[in-house]
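This briefing concerns the structure shown below. It treats strand pairing, the helix, salt bridges and the surface in turn.

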Amino acid sequence: MEDKRAVGREKEALAESYLKEQGYKVLQKNFYSYFGEIDLVAKDGIYLAFVEVKYRKTQKRGYALEAITQKKRQRIYNTAKYYLYQNQIPLDTPCRFDVVAIQGQEIQLIKNAFGGL
């Protein structure tokens, strides 16, 4: 059986490279708080993007995007608020929540995938 953490790190590194190719500037990887974790924090133009990376090897367990439940979105949202607070970033900074979905070998970037800040 594959080591899930190793696979996760590999896919997050792949997502980071992909985002850089798209013009993003990655500011932080794996930001942790009491509320949860954000895989990548990046700048995309004027936006501060909180990026969730989801991977599915096959469709057997569903699509990568389906794994981002309401509960997961709430954790990301709360962690993002804490990131802003901890880094003294003004609350009026344009922010959004992006998703990099990796399904097999296909990579899809969804900007502003869900609401929040």
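Helices (H or I, at least four residues) and strands (E, at least two) are DSSP runs, numbered from the N terminus. The model is predicted, so local features need pLDDT of at least 70 and side-chain atom pairs count only at pLDDT 80 or more, while totals for chains, interfaces and linings use all residues. Residues are numbered from 1 along each chain as its sequence is written, and side-chain values use heavy atoms, with hydrogens and water left out.

**Strand pairing**
- Two strands pair if DSSP finds at least two bridges between them.
- Strand E3 (residues 47-56) is largely enclosed by the rest of the structure, because eight of its ten residues are buried (under 20% relative accessible area; exposed is over 50%, partly exposed in between; 1.4 Å probe, protein chains only).
- Strand E2 (residues 37-44) pairs with E3 in the antiparallel sense over five bridges, and valine 41 stands opposite phenylalanine 50 of E3.
- Two residues separate the strands in the hairpin of E2 and E3, where glycine 45 has a positive phi near 65 degrees.
- The pairing of E3 with strand E4 (residues 95-103) is parallel and has nine bridges; phenylalanine 97 in E4 is the bridge partner of phenylalanine 50.

**Helix H1**
- Buried residues of H1 include Val7, Ala15 and Leu19.
- Cover for the buried residues of H1 includes E1, E2, E3, E4 and strand E5 (106-114), where contact means heavy atoms within 4.5 Å.

**Salt bridges**
- A salt bridge is a side-chain nitrogen of Lys or Arg within 4 Å of a carboxyl oxygen of Asp or Glu; the count by this rule is eight.
- Lysine 29 and glutamate 16 form a salt bridge, with their closest N and O atoms 3.3 Å apart.
- Since lysine 29 lies in strand E1 and glutamate 16 in helix H1, this pair ties together parts that are 13 residues apart in sequence.
- Lysine 29 is partly exposed, at 48% relative accessible area, whereas glutamate 16 is buried, at 11%.
- Arginine 96 forms a salt bridge with aspartate 98 at 2.8 Å between the closest N and O atoms, and both residues are buried.
- A network of salt bridges links Asp44, Arg96, Asp98 and Lys111.

**Surface**
- Tyrosine 34, in the loop between strand E1 (25-32) and E2, is exposed, with a relative accessible area of 78%.
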